[in-house]
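Hello,

Please find the structure below.

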Amino acid sequence: MASLGHIARESSDITRLAQFYKEVFGFEEIESPDFGDLKVIWLNLPGAFAMHIIQRNPSTNLPEGPYSATSAVRDPSHLPMGHHICFSLPNFDSFLHSLKEKGIDTFQKSLPDGKVKQVFFFDPDGNGLEVASRS
């Protein structure tokens, strides 16, 4: 059976992006290999998965994130039907409060049966995120 090993995010400011994931989700920084000129920060979410944040290399011509598209969408209400990573957690209401305290724009909804609450928002590089309550 397969399991999630890690997610990689490319960024022009790996320190800022790593700090966001540490503050918002509780990721912990872990030791990463020395790749020479390639700068990385490796994070781990205990009991879940790792995230590798990689210094952007403009010569690859990869888009930096949704904001680097020709018509950037910064409205989190578009995220339910777009690319995003979803985290689930039991303390949904306190998490939602912490997002508001940080001034993060969000879009909230629930599944049709109302049992699972959802909040959608962007990380500093424009990557879509969802947090769903655990029922």
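A residue is called buried if its relative accessible area is under 20%, exposed if over 50%, and partly exposed in between, using a 1.4 Å probe and protein chains only. This is a predicted model, so local features need pLDDT of at least 70 and side-chain atom pairs count only at pLDDT 80 or more, while totals for chains, interfaces and linings use all residues. Residues are numbered from 1 along each chain as its sequence is written, and side-chain values use heavy atoms, with hydrogens and water left out.

The core. A nonpolar core is a set of buried Ala, Val, Leu, Ile, Met, Phe, Trp, Tyr and Cys residues joined through side-chain atoms within 4.5 Å. The largest one here has 27 residues, and Tyr21, Phe25, Phe27, Phe87, Phe121 and Val131 touch the most other members. Among the elements that give two or more residues to this core are helix H1 (14-25), strand E5 (85-89) and helix H2 (92-101). H1 supplies the largest share, seven residues. Helices (H or I, at least four residues) and strands (E, at least two) are DSSP runs, numbered from the N terminus.

Contact means heavy atoms within 4.5 Å. Leaving aside residues up to four places away in sequence, Val131 touches Phe25, Phe87, Leu89, Phe92, Phe95, Lys117, Gln118, Val119 and Phe121.

The rings. Rings of Phe, Tyr and Trp (its six-membered ring) pair if their centres lie within 6.5 Å; planes under 30 degrees apart count as stacked, over 60 as edge-to-face and the rest as tilted. The whole structure has 12 aromatic pairs. One of them, Phe25 with Phe87, is stacked, at 4.0 Å centre to centre and 25 degrees between the planes. Phe25 lies in helix H1 and Phe87 in strand E5, so this pair ties together parts 62 residues apart in sequence. Phe25 is buried at 13% relative accessible area, and Phe87 is buried at 6%.

The planes of Phe95 and Phe121 are at 45 degrees, with ring centres 6.3 Å apart, so that pair is tilted. Phe95 is in helix H2 and Phe121 in strand E7, 26 residues apart. Both Phe95 and Phe121 are buried.

The strands. Two strands pair if DSSP finds at least two bridges between them. Strand E2 (residues 28-30) runs antiparallel to E3, joined by three bridges, with Glu28 opposite Asn44. E3 also pairs with E4 in the antiparallel sense, over six bridges, and Leu45 stands opposite Phe49. Five of the six residues of E3 are buried.

Regards
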